[in-house]
Amino acid sequence: MKYLDEYRDPDLARRLVAEIRAVVTRPWSVMEVCGGQTHTIVRQGIDELIPVRMIHGPGCPVCVTPLEMVDRALEIAARPEVVFTSYGDMLRVPGTTADLLALKARGADVRVVYSPLESVRLAREHPDRQVVFFAVGFETTAPANAMAVLRGAEEGLANFSVLVSHVLVPPAMTAILDSSGNEVQAFLAAGHVCAVMGWTEYEPLAERYRVPIVVTGFEPLDLLEGVLMAVRQLEEGRFEVENQYARAVRRGGNPTALQTIRRVFRVSDRAWRGIGVIPRSGLELTAEFAAFDAAARFGVADVTAREHPACIAGEILRGTRLPTDCVAYGTLCTPRHPLGAPMVSAEGTCAAFHNAGRAAFHNAGALGPGTQRSQGGPR
Amino acid sequence: MTPMPDPQAATCPAPRAETERVLLGHGSGGQLMAELLGDLTPRLGMNVLEDAAVVPVGQDEIVVSTDAFVVTPRFFPGGDIGSLAVHGTINDIAMMGARPVALSLAYIVEEGLSLAELTAVTSSVAAVAGACGVPVVTGDTKVVGHGAADGLYVITSGFGVRLPTARPSATGGRPGDAVLLSGPIGLHGVTILSTREGLGFDTEIASDTRPLHRLVHAMIDAGGPHVHAMRDPTRGGLASALNELATGIGVELDEPAIPVPHQVAAACELLGLDPLHVANEGCLVAFVAPEAAGRVLAAMRATPEGAAACRIGEIVAGHPGRVTMRTVVGSTRVVDMLIGEQLPRIC
Amino acid sequence: MCLGIPGRIVELAEGPPPMGVVDFDGVRRQVCLAYTPEARPGDYVIVHVGFAISRVDEEEAVRTLAVIRAIPGGMDEVSG
């Protein structure tokens, strides 16, 4: 595929790996924020090729969706008049007692959609049903979700509503940088988030915390080049925002998308699963579109839930522990029987590790050539 | 260092996976299905799960298989539920190194199904069975009330006779064997997905549903008992089939060698799916002893169904039970079985 | 997050909202083009959940690869 395959070239990957090895003089720690980036890194074994410690960030909106939000979704989906529509990733995320797939097995009308416009179409075609869309995602998905709300309003679809669970990246990065014990020295910023938002929000972060931030794509060459740019900055003592993903990202982002997002959504405080409430890190509907808020319409806005302390999902999402540090990883907690969200979502760090066969006694990171990499082993 | 909590005491209230009921994922050909079968089949006295069973009858070995077809839409580019049923059953027989001889056919019809559709499916069955030279010799029809069967369910049984020198089995792979694939993967699954509401996309590809018994015959003629294992990867894809065959041995694949048609690759990129997990209906994977691999591959390529056959990896003694793959980028990753239903993702 | 795939716009369609047909190496899908109003048939866009979120800058794409190619070829096999 054009603009995809070229960025998987093995020879160019080797060159980038060699260059990274030539440049680093210390074991730097770099965090990639986006789950899609984690997916590529772990599946392609990129973190095992380079003498850089990759810390996997909370870049999976599915994983960070708070427990109570999933419970609200389940309550709504269980109603007989509701057609509950969602992106595929959310269907297996566990709530307190069940997940959407299990609900579907018990007869709830739960449907996967690829695009939120499909939900709008369902609402248009089924005026006798309440069609609810689970609006999850980072900033990348906000323009699409916003358009669904706009269409609902423009077409006067009284039977359409959205359950909003958006999260924003820069506040999460700030929370990580502010946390005691933070070891992240540079960031690979999420390429598609920045395609929408631009990177102006990251400039004050880079300056205040003195961390290089490289806007990075998702293919192996993108990630390797992003790491190379980050470690070059670290070696040279620079801390700027750079753009590796120049073919898709501009500094000002996407103006039309930004305009729509700001009309439909406003920034709010948001709870992140395993982390807690990060101020001004989420989105909610503006007053103009409040009528489309499913939580209000179905009276579930006050549903709360509590996590069990044993699950270390929070520390994994903060990047302070690896899945392989968790006692339950691979034993009690597997993709088949997940204990927490990072094991459920394909982008979740735990699932990515497990599906790549990272064994429980695997040594974290490759801090130099010749590090043993274990495969197989007890699971 | 914090004392490690006792794993047995970890009772996270968050996720309790549905354990009381059957989920759609239990039919997906992946881990969930393996678990379900792992619970049900021992109750029936069945242990090793092959595509078909070898039943000794006196001095002979009859090969028997059974299958159920529930696909919707019932008509899709490249085939229909009828042709799928005939091909699928013939292929199960063929995977045991047998020559299919006859088929039985049962319908469960939902009240309200159009007669024209039922006739069209039956005509398709007849045409395809005729083309394969494998007659339908007996059958049954039941009609159930509205809502009780999704339009039409087709259940088949196949009967065959083992080819004299054939000895393939699910546990037949040996270190050093070549892993041979008869053709491109992912066509059937992507074709079906392309018709599904909500995920709709247009593509020119069609299901790869086709009979493989002639291909198998050619392989057995060339390699006889050196063909150690064969499987046609259906639901769960190539990854699940290889994991099922990896008992006591490891499988190492070479990603650049695996033929994925560009539309399959593109559809998978779009939906966030792994082509190795996508269903197929017209290809097979085989483990063949090294001394016979060359001539078996040549024999495959001489058939229409195997024209694009290629070698995609080898069997090793290391990492038994595990399938690994050397990636395009040059690193190695593990290829796991599909867990439940394949869900498109946004992440 | 952010499964975004590059595809080529093959035709525009009427709104609202503005839509188009995008080709992904032989797979075609209806895509909302509201956020890439400047894009025309023949242009490549990054598509996420059925929406074009950015136009691919073809010059930058080429430049990125050229920069990487300019790195001297590593002689060592990637270990691991």
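Two strands pair if DSSP finds at least two bridges between them. Strands (E, at least two residues) and helices (H or I, at least four) are DSSP runs, numbered from the N terminus.

This is a predicted model, where local features need pLDDT of at least 70, side-chain atom pairs count only at pLDDT 80 or more, and totals for chains, interfaces and linings use all residues. Residues are numbered from 1 along each chain as its sequence is written, chains are lettered from A and ligands numbered from 1 in the order in which they are written, and side-chain values use heavy atoms, leaving out hydrogens and water.

Start with chain B. Strand S11 (residues 250-254) and strand S13 (residues 310-316) of chain B run antiparallel, joined by four bridges. Here Glu252(B) stands opposite Glu314(B) in S13(B).

Now widen the view. Seven strands of chain B form an open sheet with mixed pairing, in the order S10-S12-S8-S13-S11-S14-S15. Strand S10 (227-231) and strand S15 (332-334) of chain B each have a single partner strand, so one side of each lacks a neighbour in the sheet.

A helix comes next. Helix H5 (residues 213-223) of chain B lies across S10 and strand S12 (285-288) of chain B. H5(B) runs at about 170 degrees to S10(B). Such angles run from 0 to 180 degrees between N-to-C directions, with axes fitted to C-alpha atoms, for helices over the stretch in contact (heavy atoms within 4.5 Å).

Turn to chain A. In helix H8 (residues 169-178) of chain A, eight of the ten residues are buried (under 20% relative accessible area, 1.4 Å probe, protein chains only). Among them are Met173(A), Ile176(A) and Leu177(A).

Key
Buried means under 20% relative accessible area, exposed over 50%, partly exposed in between (1.4 Å probe, protein chains only).
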